[in-house]
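This report describes strand pairing and helix packing in the structure shown below.

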Amino acid sequence: TAVTALADAGCDIICDDLCFFHQPFLQDGDVAAHIRQTLMQHPGLIYVTVSGNFAPLHYQGSWRSSGDELSGGILHDFSDGDTAITITLLPTEYIIATLQWDDPWDRAVNDYDLILTSQETGEIISESRFVQNITSEPFEHLVYNPEGPGPETLSLSIIRNGESQDPGILELFIRGVDPGGVQDSFVKDPRDSVFGHAAIEEVVTVGSVDASAPFTISPDSSQGPVTIRYPDARRWKPDICAPTNVNVSGAGDFPSRFPGTSAAAPHVAGVIAQLWSAFPDLSRDDLIHAVYEAADDLGAPGWDATYGYGLLNAERAYRILYDRSRASFTGTGPDPGV
């Protein structure tokens with residue numbers, strides 16, 4: 001509703017920092033489809049969004065049976081016989097774990113569950129046990145808030161119900177806990193941690209980097225590429241990066257050093273707005289491509305799955321567009337004095 005209202009009101013640029021965990025990770029959901037349709041209907045609209053801050057605690061891998069059972073299901077083997085993620089949870093933290101897999105959305109035929117147990121007692125302390133029966137979603141969502149005064153050591157496991165040899169893809173995100181409290185490296189894979197509407201080609205997807213050289217990628221900035229299973233595809237996200245930890249007013253109880261891709265994306269939207277004001281006759285695609293072309297290349301040469309095309313460079317983008325507009329208007333080449 002918000003996207004439609006803004007587009008219909010004549011908005012030129014929409015910027016959000018929204019991520020929906022009840023949208024598909026491995027295919028396009030209704031949010032992505034609506035934004036794509038809106039951009040088709042409004043060719044003068046640019047949509048900027050965040051890559052997300054979900055790189056630190058992310059797992060993606062094929063189902064592997066461990067042969068061991070827990071609570072009536074077969075435990076998933078994450079890595080070399082590891083059937084659980086060990087989490088040390090402080091009293092001020094919590095766990096939100098979201099699991100999806102590559103069954104079609106609303107038509108899940110495989111049935112997985114999330115189980116959280118106490119390492120001290122072995123007891124199940126939280127679980128997500130939605131039933132997948134061909135008419136439901138490939139989705140499990142576990143939430144746990146500690147009650148005790150001290151830290152807890154917990155085990156998070158994935159189990160599969162029923163017989164199957166299908167090596168389908170599992171994707172798991174964990175939030176609410178400091179990554180330092182999780183020792184297992186297999187659940188600290190930043191690759192392919194962009195999802196939802198940030199994964200569609202039509203939007204500008206922004207990661208975050210340090211605000212000073214060497215402009216290292218933020219540890220939490222979600223990275224690509226993106227695996228899409230319906231239809232099978234790879235998408236090349238993020239597109240570009242901008243600074244994290246920026247100075248803001250502090251209104252609304254925001255920290256005065258505002259972190260994350262939520263801080264980075266408005267940089268890109270603001271630069272695009274100024275460039276479009278300077279060159280109002282540019283098409284959407286020409287403007288976006290100039291911004292990517294002007295970026296300071298970081299990481300591997302050209303586009304890469306960590307930085308996209310690199311760090312936003314407003315001045316270089318302006319110079320590129322100025323030279324092109326001058327050449328088009330006068331029939332001459334670039335002005336070296338500009």
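## Basis of the description

Two strands are taken to pair if DSSP finds at least two bridges between them. The model is predicted.

## The parallel sheet

With that criterion, strand S13 (residues 204-209) and S16 are joined by four bridges and run parallel. Within this pairing, Gly207 stands opposite Cys241 in S16.

S13 and S16 belong to an open sheet of four strands, whose order is S1-S2-S13-S16 and whose pairing is parallel. Strand S1 (13-15) and strand S16 (240-243) are the edge strands, each pairing on one side only. From one strand to the next, the twist averages 30°.

## Helices across the parallel sheet

Two helices are described here with reference to strand S2. Helix H3 (residues 261-278) lies across S1, strand S2 (46-50), S13 and S16, and runs at about 160° to S2. Helix H4 (residues 284-294) lies across S2, S13 and S16, with a direction at about 40° to S2.

## The antiparallel sheet

Another open sheet is formed by four strands in the order S3-S12-S7-S10, with antiparallel pairing. Because strand S3 (58-62) and strand S10 (139-144) stand at the edges with a single partner strand each, one side of each is left without a neighbour in the sheet. The twist in this sheet averages 10° from one strand to the next.

Strand S7 (residues 95-101) is joined to S10 by six bridges, and these two strands run antiparallel. In S10, Tyr144 is the bridge partner of Ile95.

Terms used. Residues are numbered from 1 along each chain as its sequence is written. This is a predicted model: local features need pLDDT of at least 70, side-chain atom pairs count only at pLDDT 80 or more; totals for chains, interfaces and linings use all residues. Side-chain values use heavy atoms; hydrogens and water are left out. Axes are lines fitted to C-alpha atoms, for helices over the stretch in contact, and angles run from 0 to 180 degrees between N-to-C directions. Contact means heavy atoms within 4.5 Å.
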